[in-house]
Each structure stands twice: as structure tokens, then as C-alpha cells.
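Trainee: I would like to learn how to read helix packing, domains and ligand shells in a model. Where do we begin?

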Amino acid sequence: MVSYVKIPSHLKPSDPQGPDLLTQERNLASFDVKELTLVLYGIKDLERYHTILKIIENDPVFDKSNIYFMGRNELFEHAIKKEKRLVQLIRENKWKVEELQFAEWFLDMPGPFGAHRGMFIPTLIGQGTKEQKEKFLVPALNYQIIGCYAQTELGHGSNVKGLETTAIYIPETDEFEIHSPYLTASKWWVGGLGKTANHAIVMAQLISNGKNYGPHPFVVQIRDMKTHLPLPSITIGDIGPKFGFNSTDNGFILFEHVRIPRFNMLSKFSQIKKGTGEYINPPNQKLSYGTMVLVRAIIISGVRVTLARAATIAIRYSAVRRQFIDKDEPKKLEDGSIVETSILDYTMQQYRLFPVIAQSYACFFTAKMMVNLYTEYTKQSSSGDYSLLADLHASSSGLKSLTTTMAVDSIEDCRRACGGHGYSSFSGFVKFYQDYLPNTTWEGDNYILTHQTARYLLKTFRQVTSHKNPEIYASQSNKNPTISYILQYLNEPNQKCTAITPSDFNNHEIQLRAFKHRVAFLIANVVDQIDNQKKSWNSMLVEINRISRAHCQYLLVQNFITALHQPSEDESLRMLHNSPALKEVMTSICNLFVLHTMEKDIGDFLESEYLTTPQARLLRIQVYNLLKEIRPNAVSLVDAFLIPDSLLCSALGRYDGKVYETMIDWASKEPLNGMTLDFNPNNDTFIRKAKL
Ligand SMILES: CCC/C=C/C(=O)SCCNC(=O)CCNC(=O)[C@H](O)C(C)(C)COP(=O)([O-])OP(=O)([O-])OC[C@H]1O[C@@H](n2cnc3c(N)ncnc32)[C@H](O)[C@@H]1OP(=O)([O-])[O-]
Ligand SMILES: Cc1cc2nc3c(=O)[nH]c(=O)nc-3n(C[C@H](O)[C@H](O)[C@H](O)COP(=O)(O)OP(=O)(O)OC[C@H]3O[C@@H](n4cnc5c(N)ncnc54)[C@H](O)[C@@H]3O)c2cc1C
């Protein structure tokens, strides 16, 4: 890239230790970073990681050096080129999902084929019959057709039952007629639709013989395969500029009595009979929502790397950045000279940043649990057993809500922790934050999703408590955490925390009991208000959100603690258990996650009277103790995430710590610096002409 400003060559680094600061930090680690990285990735995935990274970093199409200077059209063109190159690489290297996941992560650009891979194909796999897969899935996998997922409308997104697009069965021709009756029925926000896709999965109200059977998925060809123009009676466009995600063509579409064959209704679960229009019921009414459940589970699995990326930038930068001389504990070099303090040594900075590291590790263990639950569900459902769906839906909804909210809050916390430079695109936070932000809204608004989790929790509580002998559920408590804490609460509703010193809070039993008691107490309270005090659902929404959050925090805590203690067949966990140094540092991180989470929501724990006010003070002291304990390992803990520089795309978070050199080098490439103005602002004539 061209430099428009020549930087003087006489400049010496003002901080003689600058480049070595991260090396010094790395020397403080109490554990082997490579070992921890192996725990996080596993042997096979780490090999894949390196193979794919090499390919991506060496391909000029994926070069990111110009990325922060691009406008919308340029970004979109760049994204299209990347998508095409990615398809070539998939073909040449025969990449499967495992490789593709790494490639998409390293590319780090939401692209026009994202919904094709992430929603169109999974919907065909999950909801199509064998014949439909042959017709649509095979060409989709070969990129002969490009699809999108058109569910949300201008007037409705969260309320799927309220969608207005209709699919009316016409027995005479054995077709469906797809129609948008109102302006508000226009599909809106659909990724890849604006310019790229030629097919769409359209969620529409299925109507047969005058009866509405609710939203169902239909495959609709929307553009001509040769001219790429919209087909007759179809209106398509891009929805315009957005907060971020500008490399993707989110689009709108309107249908005017568009006919499609009956075959195009995805019919793995429910069908319309030829001619009679008779509706065949699915084994579970909500199976047509299956893609959303899958994508929510995938989103949860991705949160850990999002948090890891934010923490990496902020921690490395904080180690390199120095401000002020600490009067009480001045930082001395070997030669006795006093230097300014690294901002990572300020306890406030630690309090803001170390919990983000801990959140990432917590999400790592919960992602494993989510994958296991989803795999188990897939196994059972393939033989017609859908009994796990309710659990899966409740935990995927609540965890998607909790973890993505946590991620966006933490990206912003990390960005602010980098001071002024955090506001620059070169920090690596700006585009990253903008592109990540929709995760709190898509696949279910994060507040709406908590209703689903709460509904399940209240139902379970009522089921258990209404039984004459609740202990009958005891056999299920091993597998079902909700039942387990409800039973514990019913047995001992006035349980008290036994901690008498700060370090007592490191006791995992005390921690687990705190979270179990708090969530059961909150659920019991909401049930009482709704069932006995006859409060409306709407009047309880804040509490509804609180119980979903409390339940999901408990899941994160429980999964972390279980991972540390329970013998496991899992390769990563075995490596963790076999290394005392790793176990020690992970235990500190787990304690910080748990206690910091408690401290942030201390009101709940006090209200449930599990904790006393003096205990809340002890808990806070223990959080500070943990920050001190973790401090020497901070840089190594983020190094272990192994987020490559090419992905970070950050002057602040570089592995080598060359923050200032990179800032000025990248600034010199700002195209504005190369622009010659056609006026001289000091020239009176110009100012007079412009009437300024
Ligand atoms: C990735 C990048 C691109 C992004 C793409 C997108 O955003 S695409 C667009 C993404 N858009 C969105 O994500 C839209 C978000 N909105 C929705 O998903 C739905 O409208 C809803 C779930 C909020 C309500 O749905 P509703 O009004 O139809 O239902 P209800 O509340 O009356 O509950 C009735 C029963 O159904 C149960 N149940 C519900 N869902 C599921 C499920 N998936 N599975 C299993 N079960 C489910 C529920 O538990 C309850 O059971 P109970 O208690 O009777 O035993
Ligand atoms: C970048 C991006 C990409 C997207 N890609 C796609 C795509 O490819 N395909 C697709 O189909 N969709 C897509 N979407 C749409 C997305 O799924 C919806 O925007 C999302 O589901 C939220 O729905 P909504 O916009 O109707 O929000 P609304 O429901 O209108 O929410 C607005 C506010 O009202 C509150 N609210 C609504 N109802 C209630 C209630 N009952 N109780 C309490 N509070 C309530 C919500 O909490 C929220 O704060 C995308 C969205 C974005 C931002």
C-alpha cells in the first residue's frame, strides 16, 4: 500500500523497553502457553488451524491492509472476490466444515455467501426430504445455486407467528402461491439477498383449504440463472447502509402471486397432500424453527473466540502502554531509572479486563456442553425421539442471549480500556464491534429469547412442585440441572453461605450452591407472583429476564467447575487434568469468573439471603486477590488463545507489541493524506466564493 506521508527517519523509540515489554510479560507465566493452546484447540484442530492460516495469509485476495479505508461499494466488491476465491479453495483443497470454519474465521468478513452456507444449506439439510436434497442441496453445496434465508419482514421479526407472507396451496395446479399482501410483508434484512442470491428459503404462512397452519419454509427461485435479474412478479433490493456488516448485501423482497411447485415446500416434517391439500402434522409443532435452534447453538460456540479477540488486543496494549509514575510503587528498571507504569498494573484496568479473559475461558467449556447437547439431540431425533428439543431450545435461547450480550459489552469495555486509540479503526475494535453487534438481535432478539428460557424454567418448577412427591424427579437431576437446583431449594429453602474469610469463596461447592440457590429463589418468586398474586406476564418481564440470566450464568459456572474436576474422555480436558500448572491457572480464572459474576449481580444473592452484607464485602476482597494472582499470567493467557495478527488487524494488539510504529505507518496510508485540495483554505477568494 502507498504511504502518503514520509515519516522522519531520525525518530528513536521513546520507551527503550517498548518492544521487550511483552517478552518480559511472557517470561512471568506460570504455565506452558503452548500446552494451554493445545487444550483449547485439540491436536487435530491445531494442525488444521496452521494449514488453513498459511493458505489464507499467503493469498493476495485475502489481503486486509486496505480494509479500514474502504467505502461500502468497495467493501462489497472485495467481499464478493473473497467469497469466489474461498469457493475455489474449498474445491481445490476439498475442505469440509472443519476446515471451512477456520477459513471463515480468518477471513473475518461477513460476506454475501454467509447466509448460503450458514442458513440456506443447513435448512435444506435439516428440513428437506431426500428428493428435495437431491434437487436443491446438491447444487447448493456445489455453489451452482446461491441461497439466502428470508424469514424476517419489515413489520415482524421476533413474532414469527405474525409473519404476513402467505403460501396458499392451489390444488388445481398442485402449486403454492407465494404472496406479500402488505408493505409490511416485505422480507427485510435477508443476508445475501440484495445483490447475490438466486434462491431463497421463504418462511410463509402455509394456507390450505382456507386453514392457516403457521409459518413453514419454501424454496423459491428469485433470480434468473442466466441474466441474474429478478424473476417476474418479484421485487428485490438492498436495504441500504447499516451500523456495520456493510460487506453484506442484506436485502428486501416482495412477491406478487408467485407460483412454485408443491415440491418446493420443505417437507421432512410436515406435508401437504397432492390434490386434497390435506396437512400432515409434524412430530413436533416447532420443527420448522429448527434452523434457528442450530444457528443459536453455533453462535454460542463462537462467543469464546470473540471474547478472546477483544481481550487479546486490550491486554497486550495495556502491557505496552505506560502512563504516569506510580508514586507509591514506582516502576524501576535494572539500571535504577524510574519509568512510567504500564497501565496493566493499575487495578482498575485489571478489574475491567481480566474478567473478559475469564469469560472467554468460561464460554469455551459451555460451548463444549452446547455441542454435546446438540449432537445428542441430532442422534435422538434421527430415530424420531424429539424429547431433548425443549431442553435444547431453552438453553440455546438463554445462552445465546446471555453470552452474546456479554460479548458485545466486553468488546466495548476492552475498546474503552484502550483510551483514545481504542476509538481508531486501527485498534481493531471498530469494524470488529460493528460486525459482531447484530448477534444480540438476529436469531432472536436477546430479550425476547429470555422469555423462552424462562417459560421452560417456570414450567419445570411447576411440574416438580405440583407433584405430591417431588423427590420422584431426583433420578433426573444428574442430567437436568434445573431439576437438580429446584429439588435442592425445596429441601433447603433457607440455605446460607458458610464463607467466613475471602478465600473461602474459592470453594467450588460454596460457589455452586450460591448460583443454584439464587436461581431457584428467583424462579419460586416469579411463580408465586404469576400464579398466586395473578400478575400478568408483561408486568413480570424484568424478572423473566433475570431468571433466564441467572439460570444461564449457573450453566456457565457449573460447566467450568465440572470441567476442572470431573474425569473426562474429552481430549482437551484430559490434557488439562494432567498438567498441575494449567489446572492451577485455570482454577484462578474459574474463581474470577464465578466471583466477578456474583459481585456484578450481588443484589440477587443478598435478596435471596444466601449471602449476608459482610460476606458480600469478603467476596469483593477475594475478587481483588484474584486479580493480583492472575496479573503475572495475563499476557500469556491471551497468547494461548492464538489469535493471529492477520485476524486481529490491530495496531494495538500485535504479538510483537510494536504499537506506535504501526499506528503511524497505517496513518501514513490514509488516502485523505494523498488528496490534494482544489482550494487553499487561507485564500480569501475561496472563502468569499463559498460565502463562509
Ligand atoms: C446468522 C446470521 C444471519 C441471521 C439470520 C436471522 O436472523 S434469521 C431470523 C431469525 N429470527 C428469529 O430468531 C425470530 C425469533 N422468534 C422466534 O423464534 C419465535 O417467534 C419465538 C420463539 C419468540 C416465539 O415462537 P411462537 O410464538 O411460535 O411460540 P411460543 O412462544 O408461543 O411457544 C410455544 C411453544 O413452542 C416452544 N418453542 C418455541 N420456539 C421453539 C423452537 N425453536 N424449538 C422448540 N420449541 C420451541 C416454546 O418453548 C413453547 O413450548 P411450551 O412452553 O408450550 O412447551
Ligand atoms: C445484520 C442483520 C442480519 C440479519 N439477517 C437476517 C436474515 O438473513 N434473515 C432473516 O430472516 N432475518 C435476518 N435478520 C433479522 C433479525 O433476525 C431480526 O431483526 C430479529 O429477529 C429481531 O426482530 P425485530 O427486528 O422484529 O425486532 P422487534 O421484535 O421489533 O424488537 C424491537 C424491540 O422490541 C422488544 N420487544 C418485541 N416484542 C417484545 C415482547 N413481546 N416483549 C418484550 N419486548 C419485546 C425487543 O426486545 C426489542 O428491544 C437480520 C438482522 C440483522 C440486524
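Mentor: We begin with contact: two residues are in contact if their C-beta atoms, placed from the backbone, lie within 7 Å. Keep in mind that this is a predicted model. With that cut-off, V293, R296, A297, I299, I300, V303, T306, L307, A310, A311, I313 and A314 of α8 meet a set of residues in α10. The α10 side consists of L392, H393, S396, S397, L399, K400, T403, T404, A407, S410, I411 and C414.

Trainee: By class, how many residues of the contact of α8 with α10 are nonpolar, polar and charged?

Mentor: That contact has 15 nonpolar, seven polar and two charged residues.

Trainee: How is the geometry of such a pair described?

Mentor: Two packed helices are described by the angle between their axes and the distance between the axes. For α8 and α10, the angle is about 20° and the axes are 9 Å apart. Angles under 35 degrees count as roughly parallel, and α8 and α10 are therefore roughly parallel to each other. Their crossing is left-handed.

Trainee: At what angle do α12 and α13 pack?

Mentor: Helix α12, residues 446-466, packs against helix α13, residues 481-491, at about 50°, with the axes 10 Å apart. The two helices are therefore oblique to each other. The crossing of α12 and α13 is right-handed. On the α12 side the contact is made by L457, T460, F461, V464 and T465, and on the α13 side by T482, I483, I486, L487 and L490. Sorted by class, this contact has seven nonpolar, three polar and no charged residues.

Trainee: Which residues of α9 and α15 meet?

Mentor: A362, F365, T366 and M369 of α9 meet L555, L556, N559, F560 and A563 of α15. The contact divides into seven nonpolar, two polar and no charged residues. As for geometry, the axes of α9 (residues 347-382) and α15 (residues 541-565) come within 8 Å and cross at roughly 90°. These helices are therefore roughly perpendicular to each other.

Trainee: Now the domains. What does the domain assignment of the protein chain give?

Mentor: The assignment gives domain 1 (145-282) and domain 2 (293-639). Taken over C-alpha atoms, their centres are separated by 38 Å.

Trainee: How many residues of domain 1 are in contact with domain 2?

Mentor: Four residues of domain 1 are in contact with seven residues of domain 2. The domain 1 side of this contact divides into two nonpolar, two polar and no charged residues.

Trainee: How do I read a ligand shell? Which residues come nearest to ligand 1?

Mentor: A residue belongs to the shell if its C-beta atom, placed from the backbone, lies within 6 Å of the ligand. Ligand 1 has 24 residues around it, and V160, K286, Y289, W442 and G444 come nearest.

Trainee: Which helices each supply at least two residues of the shell around ligand 1?

Mentor: They are α6 (114-127), α8 (290-320), α10 (389-416) and α12. Of these, α12 gives the most, with four residues. By class, the shell around ligand 1 has ten nonpolar, nine polar and five charged residues. Domain 1 and domain 2 each provide at least three residues of this shell.

Trainee: How many residues surround ligand 2?

Mentor: Ligand 2 is surrounded by 21 residues, the closest being Q151, T152, G157, S158 and W189. The elements β1 (147-150), β4 (187-190) and α12 each supply at least two residues of this shell. Its classes are eleven nonpolar, nine polar and one charged. The shell around ligand 2 also draws at least three residues from each of domain 1 and domain 2.

How values were computed
Residues numbered from 1 in each chain as written. Chains lettered and ligands numbered in written order. Predicted model: local features only at pLDDT ≥ 70, side-chain atom pairs only at ≥ 80, totals over all residues. Axes fitted to C-alpha atoms, helices over the stretch in contact; angles between N-to-C directions. Parallel < 35°, antiparallel > 145°, perpendicular 65-115°, else oblique. Left-handed = near helix turned anticlockwise from the far one by under 90°. Nonpolar A, V, L, I, M, F, W, Y, C, P; charged D, E, K, R; others polar. Domains from an automatic or database assignment.
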